[in-house]
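Please consider the following points on the model shown below.

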Amino acid sequence: MTGRPIRFDQVIPSIAERDAVSYHTLETQRALREMGFVSEIFAREMSPGMVAHARPLAELPRDDASRQWLCYQASIGSPAAEAFIAHPGGKVVTYHNITPAPLVEGWMPFLGEEVRLGRHQLPELAAVSETGIAVSKYNAAELREAGFATTAVASLMMDRSNFDSAAEPGRRAELAAAKRTGGSDWLFVGQMLPHKCHQDVIKAFACSLRVFDPKARLHLIGRESCPGYVLALHRFIQDLGIASSVDFAGSVSPAELTAHYQAADVLVCCSAHEGFCAPIIEAMHHGVPVVAYAVAAVPETVLDAGLLLSSKEPLLVATAAERVLRDRLLREVLVDRGRERARRFSLDAARVAFVAALEEALERAG
Amino acid sequence: MNGPHPDGAGAARHEAANRRPDAVADEKAGLGGAEESIDTASVVAEAFAESARLRESGALPSGFEADLERRFLAIARDPETLAKEAAAGASSRSGSAGNQGSGLRRLLPRVAQRSRRAAGSFAHSTRRAAAPRVRSIERSSVERAGRLAETVVTRGYVAVDHANRLATDRSSGRLFSRLARVSPAGRTRPPDRPRPSWGGEGPLAGETTGSDPANGPRNAQRELEDWAIERLGRAGGGPIVHVECGDGALVRRLAGAGFDSAGADPAGDAVRGSPAVTTTDSVVRAGALEFLGSCSRSSLGGLVLSGITERLSPGRARALTHLAATRLRPGGVVVVISAHPDNGAGDVVSADLSPGRPLHPVTWCHLLSRYGLAELTVNDPVGQPSHRYAVAARVPGAGR
């Protein structure tokens with residue numbers, strides 16, 4: 001490879017609205033263009049709303065390595081990785097983590113296959129890539145395990161509309177009306193997928209209703225990506241007799257999400273696996289204290305700005321949440337630390353880290 | 001399940017929690033350095049101890065937590081069946097006859113939830129019901145304002161273009177009146193010749209820009225022009241105009257192919273000195289924006305844009321595309337011919353829409369589609385020594 005490339009395109013298995021990896025890809029494109037590269041996004045699948053932002057993978061230009069580099073956004077197994085590997089240009093990989101197959105394959109066998117393929121493709125990506133850029137140190141460690149000789153950490157470029165949107169007035173009024181009846185508002189934000197373990201949040205919430213706050217409400221926000229799992233959750237809350245206290249809000253707009261963050265008293269996360277967990281940072285930005293199960297990249301994201309639990313025992317989670325709700329000093333300290341932590345994950349900081357990692361890779365390639 | 005607190009302490013804690021958010025805000029000033037001394041690990045350890053104490057004290061019925069786990073596992077023991085039931089529930093909601101029971105089971109909690117919301121805030125529901133209409137009105141108003149602003153801006157660019165050249169050749173008047181006389185169906189393009197044959201022979205051979213088609217390989221420019229003529233042959237009739245036509249060679253080729261063609265170019269000397277221009281009313285001395293701004297709406301059957309396409313500021317690019325889209329008839333075809341911005345090894349084009357630069361084909365596609373043109377096609381012969389490309393698009397409607 002000689003000289004600086006002219007093009008720096010991105011390859012992504014699929015691109016969609018309201019998706020953290022997709023948003024990161026769009027921001028990466030912006031950063032690449034600001035670096036002076038011609039940069040386009042080539043996706044194997046795209047949702048209708050993203051047609052204007054991406055081109056079909058089949059149209060990926062095949063230039064030589066001195067003119068064109070590629071960045072692959074790895075979050076799942078896909079034939080797009082094979083197209084990326086076979087391309088003659090220089091390469092870097094951005095790794096968003098891939099959920100371990102055992103956590104999802106029982107509910108979604110096809111997704112299990114895809115994530116298994118993704119993990120299988122990582123060493124192949126390592127063999128052809130100049131560097132692996134991870135959105136967390138945890139992910140960087142996984143990249144090194146997969147064989148990446150060089151890694152860098154550049155945090156996720158998050159959708160600022162989830163931070164800065166004005167709250168949707170209707171939803172805000174609705175939540176405020178509910179709050180006036182008393183009780184605290186628990187919140188969890190994340191796609192309804194098995195590894196997010198909504199059932200563990202529900203179990204803790206059921207304990208809290210029983211022991212601490214019978215008027216509390218639980219809001220579960222996120223796309224219902226696994227219908228069987230969602231049905232099981234509905235049946236679970238009916239079986240427990242707490243259906244009237246649990247709100248399945250589904251996928252919401254940024255403005256509605258802001259309304260939920262503003263109304264929430266605590267964010268409770270019991271996920272079994274997270275490569276970064278953007279909702280934690282969003283909650284911190286909105287001044288919502290966080291109680292989370294310490295697994296994968298979650299401790300790195302939370303640090304000391306939330307309560308990290310080493311167990312998901314329902315009463316322990318409920319007690320920790322209640323402590324955050326009850327102890328005003330603790331709450332305010334967590335809110336302050338959370339806001340500070342959220343500032344460190346600003347778009348500018350993430351972009352600077354990404355650009356630095358990329359420049360280093362280009363320099364190494366000569 | 002939602003029973004009363006097991007003890008008075010729980011109620012007291014609950015009361016304290018409800019008092020928390022705002023009532024204590026003004027106490028914050030007195031917190032001092034205590035904030036920094038809080039160790040979350042210690043707090044978690046205390047939470048562990050507290051939860052153990054609650055268990056021992058019987059705050060929860062014996063085996064309550066294990067029962068939660070058992071109940072969920074019982075429900076989730078067969079994910080495959082759940083997935084099928086969820087799918088059946090979805091289909092029953094959409095009108096399918098089968099498995100309505102499971103569909104209802106899934107639907108009922110949502111209905112109940114919505115009912116609670118509606119009962120909780122009727123006024124809010126009313127506002128929400130009206131919200132789509134309000135949003136629609138807002139959206140259409142914004143769109144109208146946007147269109148108006150765009151038209152004003154485009155007219156500004158036209159005026160600037162006009163002022164830059166100071167005065168238009170007298171022949172423009174004759175050309176405009178000639179365009180106005182053209183019948184809606186297009187009067188001159190022969191219906192039996194939709195796609196002219198350009199093989200390098202025939203009466204027009206040798207009239208291309210700088211090529212020797214009879215004795216050498218067809219050059220890239222001529223191939224692009226051939227492609228443009230083929231695309232223009234798909235238009236639904238009406239005059240074809242080449243803006244920034246240079247010496248008018250393509251205008252003449254188009255005329256030779258049976259199109260009612262004309263050209264415009266701001267360089268009067270080039271137009272007058274052109275051996276290719278044989279009729280004074282075929283080419284007008286006018287800038288691209290100036291010329292298009294003077295044409296009536298939906299008056300042109302086809303449009304070839306070149307020259308100006310290589311030195312556009314973002315605003316001028318939008319104005320040019322706006323004018324092209326509005327001056328073409330339904331079915332009309334526009335062909336953009338431009339140098340490729342990647343042309344020239346090592347010269348990185350940092351941004352497509354930087355002033356005075358050629359655009360990428362994909363940028364033209366974006367612009368043209370943004371202004372309502374469709375059937376976008378790109379002819380991008382990568383590897384040519386002088387890398388040029390063409391993009392064609394058509395106004396939706398009649399045509400071939």
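1. The buried residues of α9(A) are covered by elements of chain A that include the helices α5 (161–164), α6 (169–180) and α10 (278–285), together with the strands β8 (185–189), β9 (217–221) and β10 (246–250). Helices (H or I, at least four residues) and strands (E, at least two) are DSSP runs, numbered from the N terminus.

2. Helix α9 of chain A spans residues 254–263, and seven of its 10 residues are buried. A residue counts as buried if 20 or more other C-beta atoms, placed from the backbone, lie within 10 Å of its own. Those buried are A:E256, A:L257, A:T258, A:A259, A:H260, A:Y261 and A:A263.

3. This is a predicted model, in which local features need pLDDT of at least 70 and side-chain atom pairs count only at pLDDT 80 or more, while totals for chains, interfaces and linings use all residues. Residues are numbered from 1 along each chain as its sequence is written, and chains are lettered from A and ligands numbered from 1 in the order in which they are written.

4. The model scores ipTM 0.89 and pTM 0.58. For chain B, the mean pLDDT (the predictor's confidence in each residue, from 0 to 100) is 68, with 56% of residues at 70 or more.

5. In chain B, pLDDT stays under 50 over residues 1–32 and also over residues 273–280. Where pLDDT is low, the predicted coordinates should not be read in detail.

6. Chain B has 14 helices and seven strands, and 34% of its 400 residues are buried.

Note on methods:
A residue is buried if 20 or more other C-beta atoms lie within 10 Å of its own, exposed if 12 or fewer, and partly exposed in between; C-beta atoms are placed from the backbone. Two residues are in contact if their C-beta atoms, placed from the backbone, lie within 7 Å.
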